[in-house]
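Thanks for coming. I will walk through one structure today, starting with its terms and its overall form and then moving to some single residues.

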Amino acid sequence: MSPVDDTARFYALLQELEPSTGGKRTLADCDGKMDWPKRGVYFFFEPGEYRSRSSDGLRVVRVGTHAIKGKADTTLWSRLRQHRGTLRPFGGHHRESVFRKLVGEAMIHRDGLTAGADTWGRGDTAPRDEREEERLIERAVSRYIGAMPFLIAPVLDAPGPGSKRRYIERNAIALLSAYNTADTDTPFPKWLGSNSSRERVRRSGLWNNDHVNDDYSSEFLNVFAESIDEMKRTPH
């Protein structure tokens, strides 16, 4: 099957998944008191970004998971909370989230932002004065990501290099990426990611930096389908 056919099947699986997990959510409306599975894979869509070839509807622009290293104990919600950012004060910490870092970087280039731009994405930590300078960008990123609908797929396997979550994440990114092929859904010309300084973001059409130029295996769709069936049978 072609990438377009596989992508159409992927979105059909997401459609099958949606009613079983409470439908699409937005991080602006989420908190830790909600019913979150301990582990899973998440799929972010973006308002205004529609599929161009595979099917109808919004396009997935970010795929991610968490706790894939041997003794990692990050929960699904704790990872999503890093992407959402902080509520008091409203903002976030982009050094904890590559997703936030990529979105903020594209905003800096598109909008000509200056305050905090010189230190954005620099280092794993930053002194308080630098973080204060970056706060306006952090707030803009929180608003942008907070409005993106997303779906979660509960996949409760243990952390480790053989994680099913990692397998699904890697192959889903490779399938959805336009980096190596035009035979897939491509971003609209005004997509924010087109302003990124990172070639992998611009060419892939995804807010992902890893796996965008990998080859995918169609077999992962069967694994994903089996995970959805298992999720329906087993309370998370």
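One term first: a residue is buried when its relative accessible area is under 20%, exposed when that area is over 50%, and partly exposed in between, using a 1.4 Å probe and protein chains only. What you see is a predicted model, in which local features need pLDDT of at least 70 and side-chain atom pairs count only at pLDDT 80 or more, while totals for chains, interfaces and linings use all residues. Residues are numbered from 1 along each chain as its sequence is written, and side-chain values use heavy atoms, with hydrogens and water left out.

Now the overall form. The protein chain has eight helices and four strands. Here helices (H or I, at least four residues) and strands (E, at least two) are DSSP runs, numbered from the N terminus. Read from the N terminus, the order of elements is α-β-β-β-α-α-α-α-β-α-α-α.

Along its principal axes, the C-alpha trace spans about 50 × 40 × 30 Å. The radius of gyration of the protein chain is 17 Å, which agrees with a compact globule of 236 residues, since that would have a value near 18 Å. That radius is taken over C-alpha atoms, and the globule rule is 2.2 Å times the number of residues to the power 0.38.

Of the 236 residues, 50% are buried. The protein chain exposes about 11,300 Å², and carbon and sulfur atoms supply 47% of that area. These areas come from the Shrake-Rupley method with a 1.4 Å probe, and for residues only the protein chains shown count as cover.

Next, contacts, meaning heavy atoms within 4.5 Å. Among contacts between residues at least 6 apart in sequence, 72% join residues at least 24 apart.

Just after α2 comes Gly-85, with a positive phi of about 95°.

Now charges. Side chains of opposite charge can pair when their charged atoms come close. A salt bridge here is a side-chain nitrogen of Lys or Arg within 4 Å of a carboxyl oxygen of Asp or Glu. How many salt bridges does a search of the whole structure find? It finds 13.

One of them joins the side chains of Arg-100 and Glu-138, at 2.9 Å from N to O. This pair links distant parts of the chain, with Arg-100 in helix α3 (residues 98-111) and Glu-138 in helix α5 (residues 135-146), 38 residues apart. Arg-100 and Glu-138 are both buried.

Another salt bridge is between Glu-230 and Lys-164, whose closest N and O atoms are 3.9 Å apart. This pair also links distant parts of the chain: Glu-230 lies in helix α8 (residues 219-233) and Lys-164 in helix α6 (residues 164-176), 66 residues apart. Glu-230 counts as partly exposed because its relative accessible area is 40%, and Lys-164 counts as partly exposed because its value is 28%.

A further one pairs Glu-132 with Arg-135, with the closest N and O atoms 2.8 Å apart. At 42% relative accessibility, Glu-132 is partly exposed.

Last, a few places in loops. Pro-89 sits in the loop between α2 and α3, and a cis peptide bond with omega of about -5° joins Arg-88 to Pro-89.

Ala-67, in the loop between β3 and α2, has a positive phi of about 45° although it is not a glycine. Is Ala-67 buried or exposed? Its relative accessibility is 7%, so Ala-67 counts as buried. His-211 is in the loop between α7 (199-204) and α8. The phi of His-211 is near 70°, a positive value in a residue other than glycine. With a relative accessible area of 22%, His-211 is partly exposed.

Finally, Ala-117 lies in the loop between α3 and α4 (128-133), and at 19% relative accessibility Ala-117 counts as buried. Leaving aside neighbours within four places in sequence, Ala-117 is in contact with Ile-108 and Ile-137. From Ala-117 to Glu-134 the separation is 17 residues in sequence and 7.1 Å in space, C-alpha to C-alpha.
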